[in-house]
Each structure stands twice: as C-alpha cells, then as structure tokens.
Amino acid sequence: MSGFASLRLALSAAILGALLCAPQALAQSAAAPAQTITLGPSGLPLPRFVSLKPARVNSRVGPGANYSVNWMYMKAGLPMEVIQEFDTWRRVRDADGSEGWINQSLLSGRRTAIVAPWQRGKGGRINLLNEPDKDAGVIAIIEPGVIGSIKKCDGQWCEMTFDGHTGWMAQSQVWGAYPGEKFKN
C-alpha cells in the first residue's frame, strides 16, 4: 500500500470515528427543550433547518463527492436539519432521523416543514386553521407526512401554505421549526 493510500485510509477512519461518536451528542442536544444555538464555520447557526433545492439529491456517508451515496432524496422542498458543516458540505438529518452529507449548493434557506411525520400511517389528520387559535375555523385537513412551505412561526403557531391553501398550524405539529422558534421566511 502506498503512503498516500495509507494516509487516506487513516484519515477516512478518523473522520468515520468522529462521525460515529457525534450522533449521540447531537441527539441529546436536539432533545433539549431550550435549543442551544452555536455558529458553524459558515457563520450560520447550528443546528438549523433548510430544504432541498432539486428533486434529486444524493446524501453521502462523508463530506465529499468521493464518498459513497447512502440515500437519494427525490423531493424538492424536503426539509432537512443541518447539524454539522465541513467546507462546502453539510451534515443533515431528515424527519426519519437518517443522516448524511449534502453539498451546500443543493440546499436552500427556504423553510418548509413536514406535518406530524411521527403520525404517518396512523390515520390521523391535522387541521389547517384560519387563525392562530385552536378554536379557529378549519381551512383544510392535512394528512401527516405532507410537506408545506412555512411563511412564519411565532413560537407556538406556524403560518403555512399547502397546495395553495394558507393557514395556521400548531408549531408542535410540524417538523421543520424548533419548539419556541420565531422567524419569518
């Protein structure tokens, strides 16, 4: 084995070891009620939500085009959580908890969310309301797993658009905004 190949192998093993140790720490920080926000090398907060730009995006096992593909996402606008940065690569987590590395050029700052992905296949439905109030009128009934665009969140409610219908949904019912997070898209 050449010196270059053994150096690449050692570097790959070191990166893989760091990646294998990181998920537990990240899962603990994601479960904390008060999200601690730190800035990544890009100057943007970590963790943060983004969405996929194109309809076909490869997620890789490491931060580079030479790493193998572990997932291919087939939906533009799919929300992803950026949990780590390395050069132009972002380590992301999807709503199901799968993680991988995606080049930043394939990610958008546009905020989207998935409605109650933890209730998929259980027959439940979530109301899209005409006001941010649990007693407000229903505009539409949304099935768990549907993706919508977030216009803004006030910490308890998110104003969202689904297929041309805009209304309000409890922030606790979406994956794509942190509990208590306030922002305008």
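**Exercise 1. The second largest pocket**

Task: In this predicted model, find which residues lie nearest the centre of the second largest pocket, and which elements line the pocket.

Solution. 
Step 1. Start with the lining. The second largest pocket has 18 lining residues. Those nearest its centre are Pro45, Pro47, Arg48, Phe49 and Arg111.
Step 2. Assign elements. Two of them, β3 (48-52) and β9 (107-108), each give two or more residues to this lining. The largest share is that of β3, with three residues.
Step 3. Nine lining residues are nonpolar, five are polar and four are charged.
Step 4. Take the volume. The pocket holds about 350 Å³ of space.

**Exercise 2. Arginine 48 and its partner**

Task: Arg48 lies among the residues nearest the pocket centre. Identify the residue with which arginine 48 forms a salt bridge.

Solution. 
Step 1. Apply the cut-off: a side-chain nitrogen of Lys or Arg must lie within 4 Å of a carboxyl oxygen of Asp or Glu.
Step 2. Check the pair. The closest N and O atoms of arginine 48 and glutamate 85 are 2.9 Å apart, and the two form a salt bridge.
Step 3. Arginine 48 is in strand β3 and glutamate 85 in strand β6 (residues 79-86), so the bridge ties together parts 37 residues apart in sequence.
Step 4. Arginine 48 and glutamate 85 are both buried.

**Exercise 3. Arginine 111 and its partner**

Task: Arg111 is also among the residues nearest the pocket centre. State where its salt-bridge partner, glutamate 181, lies in the chain.

Solution. 
Step 1. Take the distance. Glutamate 181 and arginine 111 bring N and O atoms to 2.9 Å at the closest, in a salt bridge.
Step 2. Locate both. Glutamate 181 sits in the loop between β16 (174-175) and β17 (182-184), and arginine 111 in the loop between β9 and β10. The pair links distant parts of the chain, 70 residues apart.

**Exercise 4. A loop-to-loop pair**

Task: Arginine 120 and aspartate 96 meet in a salt bridge. Classify each as buried, partly exposed or exposed.

Solution. 
Step 1. Take the N to O distance: 2.9 Å.
Step 2. Arginine 120 lies in the loop between β10 (112-115) and β11 (126-129), and aspartate 96 in the loop between β7 (89-93) and β8 (99-103), so the pair ties together parts 24 residues apart in sequence.
Step 3. Classify. Arginine 120 has a relative accessible area of 36% and is partly exposed. Aspartate 96, at 59%, is exposed.

**Exercise 5. The count**

Task: Give the number of salt bridges, and name the residues that join into one network.

Solution. 
Step 1. The count is nine salt bridges.
Step 2. Shared partners join Glu81, Arg91, Arg93 and Glu99 into one network.

Definitions and conventions: Residues are numbered from 1 along each chain as its sequence is written. This is a predicted model: local features need pLDDT of at least 70, side-chain atom pairs count only at pLDDT 80 or more; totals for chains, interfaces and linings use all residues. Side-chain values use heavy atoms; hydrogens and water are left out. On a 1 Å grid over the protein atoms alone, a cavity is a set of points where a 1.4 Å probe fits but cannot get out, and a pocket is an open set with protein on both sides within 12 Å along at least five of seven lines; lining residues have an atom within 4 Å of a point. Grid points are joined across faces, edges and corners, and a volume is the space filled by probe spheres set on the points. Helices (H or I, at least four residues) and strands (E, at least two) are DSSP runs, numbered from the N terminus. Ala, Val, Leu, Ile, Met, Phe, Trp, Tyr, Cys and Pro count as nonpolar, Asp, Glu, Lys and Arg as charged, and the others, Gly among them, as polar. Buried means under 20% relative accessible area, exposed over 50%, partly exposed in between (1.4 Å probe, protein chains only).
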